[in-house]
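Please look through the structure below with the text that follows at hand. The paragraphs take it part by part.

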Amino acid sequence: MSRSIVIAAALCLAWAGGAAGDDFQGSPVAEIVFSPPAQPVPAARLEQLLEVKTGAPLDAHALRRSIQAIFATGRYADVQVDAVRAPGGGVRLTFITVENWFTGQVTVTGAQPPPSQVQLIAATRLNLGEPYTQEKGEAGRQAMLRLLAENGFYNATVRWDTYANSDTQQLDIDYQVEPGRRAHFGEITLSGEPDLSAEEVRGLTGWSVGNTITQPAVQRGLEKLYRHYRKNDRLQAVARITGKKFVPSANRVDVALEINPGPRVEVALSGASLSSKQLRRYVPIFEEGTVDNDLLAEGARNLRDHFQVDGYFDAKIDYNQNPEENGVVLAEFQATLGSRHQLVRLDISGNHFFDRATIRERMYLRVKSVSFRRGRFSHGLLASDVSAIEELYHANGFLGVKVHTRLDDDYEGHVGDMALFIEIEEGPQTLIAELRLTGNTTISTESLTAQLNSVAGQSYSETNVASDRSLILGRYFQEGFPDAAFEWRVAPGPGPNAVILDYTIQEGRRQFVQAVITGGYNRTQDATVRREIYVYPSEPLSQAAILDSQRRLYDLGIFSQVNTAVQNPEGDEVSRNVLLQMEEARRWTVGVGGGAEIGRFGGSSTDLTSPAGNTGFSPRVSFELTRLNLLGRAYTGSLRTQFSTLQKRGLATFQAPRWRGRERLTLTFSSLYDTSRNINTFSARRLEGALQLQHKINKPSTFFYRYSYRRVSVSDVHITPSLVPRLTQAVRVGLLSVTYVQDRRDDPLDARRGIYNTVDLGLAAKQTGSEASFPRTVLQNSTYHRLTKRVVLARTTQAGAMVPYGNLREVRTTATDGSTLLTFTRDVPLPEKFFSGGASAHRGFSINQAGPRDLTTGFPLGGNALFLNSVELRFPVRGENVGGVLFHDFGNVFARLQDVSFRLHQRKEDLTDFNYMVHALGFGVRYRTPIGPVRLDLAYALNPPRFRGFQGTTDELLHGLGTSTQQRLSHFQFHFSLGQTF
Amino acid sequence: MRKLLLIGLLLAGGSRAPGEIIDRIVVVVGRQIITQSDLALEARLEAFFRNTPPPELRLGTPEAVTLRERLIRQRLVEQDMRQSTFPPAEPTLILEWLARMRPAGADPSRYGLAEDDLEDYARRQIDVERFIDQRFKPGLQIPDADIAAYYESTLLPELQRRGLSERPTLEQARGQIEAVLLEERVNQSLDQWLIEARSRAGVREMETPEP
């Protein structure tokens, strides 16, 4: 044998499984090194992972397990072990490793929606933090090409670049799309048993030649086809695209469509009578546009419920779907109604541990009432209620509870009347004598048991144990034990009806945070992002902390996406990198809006005839510009303007949430220009600058500290000329105020239970830069009480007072003859006064019509004191969305605090008396929407004020012309608005 | 010329690594790996239980490819077993299996094997069998029509081809036919499942030198 052949064979042997390693088997390991020397896993950890040790004989099994352990960290794509004889004897091992890369930010540029960027990124299936390979990148590219083709981009090209960060092993992937021209719809070829021509399909679907083809357009077209068939009761119709052929020369896509209209579906009911409209409503096949057994079963249940509510408590509905005959499939429902009943009595006895209300809450059965004319009963519901009562008792340790029922038909001799008697045999309550916790080495027993339900002395139930299990595992997950496990067993206790509970916890290995890796933002300051992240290196890895950080970052309002992940999720590592990848939202937002208001604010600016206002119409346009993330610190600047015949308004604000790093503080600067005419008496102009610090104490409680400095003036005044200087002179008001809001409502838009309190204290004084001096107080207390599941009693009381004080201020005005008039006043300027009345205040008045009025013209003057009380009964009218209210409002605005009176009537023949409470009764309708209920209220004021008005114009008033008239505010007021009144 | 070839081969070997690769990852199956030494061990175990001489396995040879595919399937099954917390085989089962399969007089040390290796091999074989039985057999029913069709179209022609005059009735053959068809269906299900599991887990074959 030649030497060369021997050597070649030896080289081949080097690759032979096991054989080559055998040469070194048992040789002492002289040295272990890694190539490259810089490894992603710390050296100490690598040493722990290696079963082959320096100085020990080389063992093939140990070497294999070492490779497995290194690979299992998830940090490596490949591991090989090289061996060489060491100069001093033994073997030198080199672990040759290739690092893994992990998916970072995936971006797409150049795409033309549809498909959107988000859809394209989702198509790649490259998930943050997961290992990235070239194959995955290519698979992502192919998936994008498929999605682009589905949206008509058949000539699209996609290439991608990667940007690696060797410090973090993260790899960002940027796909660049060149979509080319979008293709158009071409020929439509039909197959199956179509009853439509290609042209008719084209007309129905909108797939006209020349229209661009996109996934949504194809989908919409198919939906329209289905709608067409549904309309013709062909609920089993099938329309599907069997092929799409791109014709490059014409840049069009020929579509092959299979249509099988299927039979018409009809529904019939026998054994009972129901209108076909009701039948179609109860059997949801028409609503869903398909027929299947589940929907027919649901239809049968709906029909049964309908008849049971109608008193046929034993109603049974069977159904079957007949085979097709003459192109029609008949879904037949057979009703067996039985005799008609009403449940007139439901007695519960034997219950000592739970009161009747607690038990009734869990029951479906109902005695006849307004909502259930004949009550609600069926044997199925009875069985379900018995189970619910038993479960309630079981959950509280009454393991031997028995529920007996007795049904009396033709109760007390009345045919059809039924009475149900439920007797509960509670039996003894099983209590926990002792709770033993084992296996918890990291979290103390005291700390764990403080959260648990099943502790010594408490009742024993499996429900509570299940709840404890969730609490314990939840706590462990939060503390970085993702593999924690829980087992329990129960044993008889020392006495009768006592048990001992054993909880065994297997904590598993604790995981820690190695580093927090953020990315995806370049305009936002790093400190702004880091401040919101509550995940810290070396601390236990808590999913709750990661989710909380994600929520906080979203709450900044400057990111459109915040993705979180643990890098290398499948890797067997103790310390993990936490990834937070963000996408910054658009910084500029422009909004343009339009609308109109209708209300009693109409009337000529010179005509004084209608101080209560005529019904008016005011169109409105608005423009809004918002800049997010100012200075990269999540500050927001905005400009809102509104223009209407009633109001011209410009508001610029700068908002700094989490001011100075404090989560509960929000600082706001604002400047306002406002000219409004929402009070008939005058037009107010306001120039204001304000600084506000909002301090959220806890979830329900918030303080607002505010300083506002404004210049208020009025024009178009409709009051006695002698009052004009005193009330209408432009005044600078500096108001320092503090407001406390306590909001414990369950739903601020439509509260059903809870409480809402506000205390607003303000001071305008010389020291605050104010020309007028007055303290201002407004208090509000609202409560909401749920009388039944859907009936709510709501009430609110509001009181306010301003007391002018200090030196008189000088008011100079020019008289009609050119001379200067000098008057002195300390009164509160007109626009600062309290006005009330309208949809969100006293509904017995139209907007801002309550309180004192000008004694000559009858226009409202506002006042320095306010009292308002409203009570509402809110109840359902139809379904979930339509409700009604009955309300009573009473209150008024008073000239001074000492004028507040609860008198019921205006003094006889005294048209200057406004110091009494105006009462109004009314009803309203509410239609529930996602942004709160739309409402219409009609109020009848029982005692609206009479007053002296003026027949004439402003000029006539100034020249002593015109005539004085006696007027009265209308008894009827209507209000149309959004949101509940309070 | 021979000298040049020799130098070339030596240089090729020298540029690869300072010494020789004594173990490496050959295939990645999801989160698990198959190493070169896994293949060698498996080859030795098979040889032991077949009572054939210890092999010299080279990567890339048809034998190595077959072994590799078998280990890939085994890893896929093991992954699924782990996820479904499939209980491991009882030690008594392992001992019974070994007593049944161990070739008489065979010496594991001759194959570089320890008792632990044999037990581990036995455990894997038993687990895979149990897994297949439990996962794919329950619920499988062979319709009478299929049994009759097999009897008519496969069994009778086969008996005729073999010249056997004694033919069992359908009822007599029913049990055996059912067992055969059941096995076929299980294999079909298993094959389908393996295709899906392979795609789900992601199998990455590493570059290995030519044999």
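How many residues lie between β18(A) and β19(A) in their hairpin, and which residue in the turn has a positive phi? The hairpin has 5 residues between the two strands, and A:Asn497 in the turn has a positive phi of about 55°. This is a predicted model, in which local features need pLDDT of at least 70, side-chain atom pairs count only at pLDDT 80 or more, and totals for chains, interfaces and linings use all residues. Residues are numbered from 1 along each chain as its sequence is written, while chains are lettered from A and ligands numbered from 1 in the order in which they are written. Helices (H or I, at least four residues) and strands (E, at least two) are DSSP runs, numbered from the N terminus.

Strand β18 covers residues 485-492 of chain A, and strand β19 covers residues 498-506. The two pair in the antiparallel sense over 8 bridges, where pairing requires that DSSP finds at least two bridges between the strands. A:Ala485 has A:Gln506 in β19(A) as its bridge partner. β17(A) and β19(A) pair in the parallel sense over 7 bridges, and one of the bridge pairs is A:Leu437 with A:Tyr503. A residue is buried if 20 or more other C-beta atoms lie within 10 Å of its own, exposed if 12 or fewer, and partly exposed in between, with C-beta atoms placed from the backbone.

Another hairpin in chain A is formed by β9(A) and β10(A), with 4 residues between them. Its turn includes A:Asn251, which has a positive phi of about 50°. Strand β9 (residues 238-247) and strand β10 (residues 252-260) pair in the antiparallel sense over 9 bridges, and A:Phe246 is bridged to A:Val253.

Is A:Ala596 buried or exposed? A:Ala596 is exposed, because 10 other C-beta atoms lie within 10 Å. The residue is in strand β23 (residues 588-602) of chain A. Apart from neighbours within four places in sequence, A:Ala596 is in contact (C-beta atoms, placed from the backbone, within 7 Å) with A:Phe617, A:Ser618, A:Pro619 and A:Arg620.

The largest nonpolar core has 45 residues, and those with the most contacts inside it are A:Val81, B:Ile34 and B:Leu39. Such a core is a set of buried Ala, Val, Leu, Ile, Met, Phe, Trp, Tyr and Cys residues joined through C-beta atoms within 7 Å. β1(B) gives the most to this core, with 7 residues. Beyond four places in sequence, the contacts of B:Ile34 include B:Val26, B:Leu39 and B:Leu71.

In chain B, α3(B) and helix α7 (residues 170-201) pack at an angle of about 80°, with their axes 10 Å apart. The two helices are therefore roughly perpendicular, a term for angles of 65 to 115 degrees, with under 35 roughly parallel, over 145 roughly antiparallel and the rest oblique. Residues of this contact include B:Leu76 of α3(B) and B:Leu194 of α7(B).

Terms used
Two residues are in contact if their C-beta atoms, placed from the backbone, lie within 7 Å. Axes are lines fitted to C-alpha atoms, for helices over the stretch in contact, and angles run from 0 to 180 degrees between N-to-C directions.
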